[in-house]
Amino acid sequence: MVNRTALPSRTPLGAPRRFRGPFARWPRAADAVLAVAVFLAAAFFVDGPGDTVVIRPVGDVPIAALLVFAVASAALYWRRRAPLVVVGVAVIAWAVTLGSGYADLGGVAIIALYSAGRYATEDRWAYVGVAAAIAVVGVDGLTAPAPWGEAVFGGVVMFVAWYVGRRLRLRGERAAQLLREQAAEARRIVTEERTRIARELHDVVAHRVSLMTVQAGAAKAVAAEDPEGALRAMGSESASGRHLDDSDRQIRRSGHGIVGMRERARLLGGTLDARPRPGGGFRVVAHLPTGGEPA
C-alpha cells in the first residue's frame, strides 16, 4: 500500500477560529461608517468646561470649516489603498484650520497615521507624515491657550498611533512569510516522499522481472524431462506477472514512475531520457557509467 502525504491545512482541525471584527469582515463598509462618524465628531462635538464634551449647534460651524472637515473625514475611506495620501490630506486640512477656533481634526490625523503604519510600505514617507503631524501639534500649542505638556503629549500620541500600526503590519508580514515557508517545506517533503515511493516500486518491478526470467529459464530446461515441474515454474511465473502488473498500475497512477527511474539513473551517475515517439510508442534511453563512483 502506498502512503500518501497531504499538505497541512492552514487551520488545524478543532482549532478555535480567530475572531474577525467588522473592519476585517467588511473593510470598505466599515471605513465608510468610520468616515461619517469622524466627520460628525469633528463638526459637532467639542470640549466643554471641566473636561466635558458638548454638542455644537450646526449654525455655529462655518460652511468653510464643514467643507474642510468633510474632505479630511472622507479621505479616511481610502486609508487602506492610499494611506500616505490620506495622511497628507488629514495633516493639511488640520493645518488649514489652525487659529480659526475649529482646529478639531486631531482625531482624523491619529487615524490616518495609524493607517499609514498599518498599510503603507514606504516608511520614509510615513516618517515625513509623522513629523508633519507633530509639527502641526506644536503650532496648535502656540496658537491655542494650552499648556506645553498637552502639546508634547499630543505629539507622542501621533507617533504612537503610527508605530502601533507599523508593528501590526510587520507582525502580519512575518506571519505570512512563515506560512509560505511552511507550505514550501510541506511541498518539498511530499515531493521527496513520492520520489522515494516511486524508487521503491521500481525496485519491486526489477526484482519481479529478474525472478520471472529465472523461472522461465528453469521451465525451459526441465520441460522435456519434468513436465510437471515446468508447469509449476510457469505457474510461479504467471503469479509474478500478476504483483508486477499491480506495481506497474500503481506507478502509472502516481505519475512518478519516470521520476523514479530518472532518480535511479542520477544516483548511479547517469542520465535518463523518456519521451513519446513522433510515430507512436515511447522512447526511453538511459546512459549509465561503466566505471567511477556513483553521483
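Here is a short chat about a predicted model, going from salt bridges to a helix and a pocket.

Visitor: What makes Glu192 and Arg188 a salt bridge?
Guide: Their side chains come to 2.6 Å, N to O, and the cut-off is within 4 Å, so the pair counts. Glu192 and Arg188 are four residues apart in helix 7, which means about one helical turn separates them.

Visitor: Why is Glu192 called partly exposed?
Guide: Its relative accessible area is 46%. Buried means under 20% and exposed over 50%, so Glu192 falls in between. Arg188, at 37%, is partly exposed too.

Visitor: How do you know that Arg283 forms a salt bridge with Asp273?
Guide: The closest N and O atoms are 3.2 Å apart, and that is within 4 Å, so it qualifies. Arg283 lies in strand 4 and Asp273 in strand 3, so the pair ties together parts ten residues apart in sequence. Asp273 also meets Arg275 in a salt bridge, at 2.7 Å, N to O.

Visitor: How do you know what span helix 6 should have?
Guide: At 1.5 Å a residue, its 21 residues should span 30 Å, and the end C-alpha atoms are 30 Å apart, which agrees.

Visitor: Which residues of helix 6 are buried, and what puts them on the same side?
Guide: Among them are Asp123, Ala126, Val130 and Val137. The face turned away carries the exposed Arg124, Trp125 and Leu142.

Visitor: What makes up the lining of the largest pocket, by class?
Guide: It has 15 nonpolar, ten polar and six charged residues. Helix 7 gives the largest share, six residues.

Methods
Residues numbered from 1 in each chain as written. Predicted model: local features only at pLDDT ≥ 70, side-chain atom pairs only at ≥ 80, totals over all residues. Heavy atoms only, no water. Helix = DSSP H or I, 4+ residues; strand = E, 2+ residues; numbered from the N terminus. Expected span 1.5 Å × (residues − 1). Buried < 20%, exposed > 50% of the residue type's maximum accessible area, 1.4 Å probe, protein only. Nonpolar A, V, L, I, M, F, W, Y, C, P; charged D, E, K, R; others polar.
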